[in-house]
Amino acid sequence: MVNVVAAVIRRGDKMLICRRPQGKNLAGYWEFPGGKIEGGEDGSSALVRECREELGITVSVGRKICVLTHDYASFSVKIAFYECEVSSGEPAAVEHSEIRWVQLGELKDYEFCPADSELIKMLSEQE
């Protein structure tokens, strides 16, 4: 089981999504930014580090939205999703092939990593 954190970053009525680059597992799929929790980190500190590395921004981490698990063919992930806000910097595609700010209703138009699909369903039901 791989423990992962992901940031749901909002700006007004839009949220930030990122496209996985070629050469990485699940290349071309869209996801919420984040990554693996490293030894000694909690979810918040892992998200701050991942957003700095992947997007060149500093985030403030808010409440945990949910924790979901997903089994892929060769591994399983446990993802904790958190609400986050950009506290400094402007997001850039440092480690992704593309980033976009999209409205909640537009998420269905993007092919997300399967592990994110349950969160998208939950967010859509809150709309």
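Trainee: Where is N25 found?

Mentor: N25 sits in the loop between β2 and β3. Element names follow DSSP runs: helices are H or I over at least four residues, strands are E over at least two, and both are numbered from the N terminus. Keep in mind that this is a predicted model, in which local features need pLDDT of at least 70, side-chain atom pairs count only at pLDDT 80 or more, and totals for chains, interfaces and linings use all residues. Residues are numbered from 1 along each chain as its sequence is written, and side-chain values use heavy atoms, leaving out hydrogens and water.

Trainee: Why is N25 called partly exposed?

Mentor: Its relative accessible area is 43%. Buried means under 20%, exposed means over 50%, and partly exposed is in between (1.4 Å probe, protein chains only).

Trainee: What makes the backbone at L26 stand out?

Mentor: L26 has a positive phi of about 60 degrees, yet it is not a glycine. L26 also lies in the loop between β2 and β3. Its relative accessible area is 21%, so L26 is partly exposed.

Trainee: How do you know that E31 and R20 form a salt bridge?

Mentor: Their closest N and O atoms are 3.1 Å apart. The rule asks for a side-chain nitrogen of Lys or Arg within 4 Å of a carboxyl oxygen of Asp or Glu. The 3.1 Å gap is within that limit, so the pair qualifies. E31 is in strand β3 and R20 is in the loop between β2 (14-19) and β3; the pair, 11 residues apart, links distant parts of the chain. Both partners are buried.

Trainee: How many salt bridges does the structure hold?

Mentor: Nine. Side chains of opposite charge can pair when their charged atoms come close.

Trainee: What makes R49 and E50 a salt bridge?

Mentor: The N to O distance is 3.1 Å. R49 is found in helix α1. R49 is buried, because its relative accessibility is 9%. E50 is buried too, at 8%. Leaving out residues up to four places away in sequence, R49 touches K36, E38 and E41.

Trainee: Why do R100 and E98 pass the same test?

Mentor: Their closest N and O atoms are 2.5 Å apart, so they are within the limit. R100 has a relative accessible area of 34%, so it is partly exposed. E98 counts as partly exposed at 21%. Elsewhere, salt bridges with shared partners join E38, E41, R49, E50 and E53 into one network.

Trainee: How many aromatic pairs are there?

Mentor: Four. Rings of Phe, Tyr and Trp (its six-membered ring) pair if their centres lie within 6.5 Å; planes under 30 degrees apart are stacked, over 60 edge-to-face, and the rest tilted.

Trainee: Why is the pair F32 and F81 called edge-to-face?

Mentor: The ring centres are 6.3 Å apart and the planes stand at 90 degrees, so the pair is edge-to-face. F32 lies in the loop between β3 (30-31) and β4 (34-36), and F81 in strand β6 (residues 76-88), so the pair ties together parts 49 residues apart in sequence. Ring pairs link F32, F81 and F112 into a cluster.

Trainee: How do you know that F32 is buried?

Mentor: Its relative accessibility is 3%. F81 has a relative accessible area of 0%, so F81 is buried as well.

Trainee: Which residues lie nearest the centre of the largest pocket?

Mentor: V4, R20, E31, G34 and G35, out of 28 lining residues. Elements giving two or more residues to that lining are β1 (2-11), β4, α1 (43-55) and β6. The volume is about 590 Å³.

Trainee: What makes a set of points a pocket?

Mentor: On a 1 Å grid over the protein atoms alone, a pocket is an open set with protein on both sides within 12 Å along at least five of seven lines; in a cavity a 1.4 Å probe fits but cannot get out, and lining residues have an atom within 4 Å of a point. Points join across faces, edges and corners, and the volume is the space filled by probe spheres set on them.

Conventions:
Contact means heavy atoms within 4.5 Å.
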